[in-house]
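Dear colleague,

I am handing over the structure below so that you can follow along in the sequence and the 3D view.

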Amino acid sequence: MPLHHPKHRHHDDDLLPYRRSDDEAKPRRPYTPTFPSSSPGSANRLLVLFAATCLILAAASFAFGVSASRSRQPPQQQPPPAVAFRCGRAEDSLRSFLASASPGRNYSAGEREKVLAVVGVHTEHGSAARRAALRATWFPPNPEGIVSLEHGTGLSFRFVTVRPKDKQKMEDLQKEADMYHDFLFIDADEDTKPPMKMLAFFKAAYHMFDAEFYVKADDDIYLRPDRLAALLAKERPQHRTYVGCMKKGPVVNDPNMKWYESSWELLGNEYFMHASGSLYALSSEVAEAVATAKTDSLRIFDYEDVTIGAWMLAMNVKHEDNRAMCDPTCTPTSIAVWDKKCSGSCNITEKIQQLHNTTLCSKSPTLPPEVEEEE
């Protein structure tokens with residue numbers, strides 16, 4: 001909702017009209033100065049002084065009249081400032097853009113937008129090529145597309161990132177944000193550990209959106225928004241739900257090896273069940289518990305997916321394992337396609353485009369024909 005400036009009231013009673021005294025109301029004879037005949041120079045000086053006094057009084061009266069006239073004119077209305085949607089230092093660039101582009105709409109900086117799910121696609125400032133590949137395929141390429149997809153599926157998409165400390169990097173990222181208006185800048189520093197960045201995302205998303213689900217995605221997956229919406233819209237007996245591709249694995253306790261976990265002694269030899277970090281969803285009650293928890297009361301491990309999984313163990317949540325969220329190839333039911341074998345060895349932008357050019361990936365029905373017939 002645009003901010004309204006209170007109107008300035010003019011108190012006309014404070015501007016009292018000029019009133020003459022009774023003596024001034026009486027008719028006066030024309031004033032004719034008399035000068036002593038013995039002093040003509042003195043008479044001339046008096047005449048000049050009288051004329052100058054009249055000019056000064058006339059100028060003062062004119063100035064007073066102009067000033068009074070201007071004071072009675074209504075003040076010019078200033079345009080309302082653009083509404084910034086923030087949670088701490090976090091900012092939703094799309095809603096800020098929509099508010100400034102449509103000042104007549106009922107936006108409010110404190111209003112939580114109601115959606116089925118908010119999907120945060122986590123990205124780095126140096127991953128512009130990946131974002132371009134996603135905008136050219138499944139991610140809406142402009143604000144109109146994001147709004148249209150939100151109306152069609154209930155999913156609201158944002159690229160999620162932090163503000164770089166480097167001035168030039170921030171300027172480049174801001175130019176991209178000003179062009180596409182699809183970023184959610186979170187309240188975290190560039191060198192913040194991934195689990196804490198994820199916590200910052202859930203805090204910002206929860207305070208900005210009234211969603212049934214809060215979804216985290218990586219920028220290297222090929223996603224079918226329609227199928228994700230169908231999954232999240234299903235009726236569930238358990239409202240506290242944690243949805244994703246569940247997995248386990250050995251805990252690495254050797255600091256010289258990849259995926260070393262510095263807190264390995266708390267975990268034993270094997271990780272507990274947790275969702276892969278490429279795509280998972282937390283239901284509203286679960287996200288609320290995470291977003292409102294005291295940060296210093298949460299156990300933080302080295303990796304984001306393990307940390308989120310540990311928090312889920314502390315809550316009475318339903319672990320919902322869905323393998324369609326991590327298919328290595330496109331299928332009639334795949335929700336997200338990504339191949340973990342490709343991580344670090346493939347050109348992600350080319351891979352995304354190849355998948356999109358595959359009919360089974362981009363043009364197959366939301367649900368398989370046999371499922372549609374059953375319904």
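**Disulfides and their surroundings**

Cys326 is buried, at a relative accessible area of 14%, where buried means under 20% relative accessible area, exposed means over 50%, and partly exposed lies in between, with a 1.4 Å probe and protein chains only. Please keep in mind that this is a predicted model, in which local features need pLDDT of at least 70 and side-chain atom pairs count only at pLDDT 80 or more, while totals for chains, interfaces and linings use all residues. Residues are numbered from 1 along each chain as its sequence is written, and side-chain values use heavy atoms, with hydrogens and water left out.

The partner of Cys326 is Cys245, and the sulfur atoms of this disulfide are 2.1 Å apart; a disulfide here is a pair of cysteine sulfur atoms within 2.5 Å. Cys245 lies in strand β8 (residues 241-247), whereas Cys326 lies in the loop between β10 (318-321) and β11 (336-337), so the pair ties together parts that are 81 residues apart in sequence. Helices (H or I, at least four residues) and strands (E, at least two) are DSSP runs, numbered from the N terminus. The torsion about the S-S bond of Cys245 and Cys326 is about -105 degrees, so this disulfide is left-handed. Cys245 is buried as well, with a relative accessible area of 3%.

How many disulfides does a search of the whole structure find? It finds two, and the other one is formed by Cys330 and Cys361, with their sulfur atoms 1.4 Å apart. Cys330 lies in the loop between β10 and β11 and Cys361 in helix α12 (residues 359-362), so this pair ties together parts that are 31 residues apart in sequence. With 80 degrees about the S-S bond, the link of Cys330 and Cys361 is right-handed. Cys330 counts as buried at 13% relative accessibility, and Cys361 is buried at 2%.

**Strand β3 and its partners**

Strand β3 (residues 113-122) is mostly covered, since nine of its 10 residues are buried. β3 pairs with strand β6 (residues 209-218) in the parallel sense over nine bridges, where two strands pair if DSSP finds at least two bridges between them. In this pairing, Lys114 stands opposite Asp210 of β6. β3 also pairs with strand β4 (residues 155-161), again in the parallel sense, over six bridges, and the bridge partner of Ala117 in β4 is Leu155.

**Helices**

Helix α8 (residues 225-232) is mostly covered too, with six of its eight residues buried, namely Pro225, Arg227, Leu228, Ala229, Leu231 and Leu232.

Helix α7 (residues 194-208) and helix α9 (residues 284-292) pack at an angle of about 115 degrees, with their axes 8 Å apart; axes are lines fitted to C-alpha atoms, for helices over the stretch in contact, and angles run from 0 to 180 degrees between N-to-C directions. The contact (heavy atoms within 4.5 Å) is made by Leu199, Phe202, Lys203 and Tyr206 of α7 together with residues of α9 that include Ala287, Glu288 and Val290.

**The chain as a whole**

The protein chain has 13 helices and 11 strands, and 40% of its 375 residues count as buried. Among contacts between residues at least 6 apart in sequence, 76% join residues at least 24 apart.

With best wishes
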